[in-house]
Amino acid sequence: MLNKHQAQKLAPLVNNKEWVLLEEYLKDLRELTIQGVVMAQSESELRQAQGKLALLEMLLKLKSNHEAVIKNG
């Protein structure tokens, strides 16, 4: 979770009108990564895809986490 100082640094990014475009891209990438998890041929591929998926989920939650930190002070 973000702290208030980190949230302030992220404000220009998550409040930018183009954030929606980045979010769409990340969602598309998440779907491809989910397919990668399903299609993984080895344990190594599976772990790599799972790690990528976790990171994508974290990035997709960045704006809502930012808003929660700002709201709750």
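Which backbone oxygen does the side chain of His66 reach? In this predicted model, in which local features need pLDDT of at least 70 and side-chain atom pairs count only at pLDDT 80 or more, totals for chains, interfaces and linings use all residues. Residues are numbered from 1 along each chain as its sequence is written, and side-chain values use heavy atoms, with hydrogens and water left out.

The side chain of His66 reaches the backbone oxygen of Ala7 at 3.1 Å, a polar contact being a pair of N or O atoms within 3.5 Å, of which, within protein, one must be able to donate a hydrogen and the other to accept it, while residues adjacent in sequence count only if both atoms are side-chain atoms. His66 lies in helix H4 (helices are DSSP runs of H or I, at least four residues, numbered from the N terminus) and is buried, with a relative accessible area of 5% (buried means under 20% and exposed over 50%, with a 1.4 Å probe and protein chains only). Beyond its neighbours within four places in sequence, His66 is in contact (heavy atoms within 4.5 Å) with residues including Ala7, Leu10 and Val14.

Within H4 (residues 62-72), Leu62 and Val69 are buried along with His66; these residues lie on the same side of H4, because they cover an arc of only 65 degrees around the axis, taken from the directions from the helix axis to the C-beta atoms. On the other side of H4, Lys71 and Asn72 are exposed. The cover over the buried residues of H4 includes helix H1 (4-14), helix H2 (19-39) and helix H3 (43-60).

Note on methods: Helix = DSSP H or I, 4+ residues; strand = E, 2+ residues; numbered from the N terminus.
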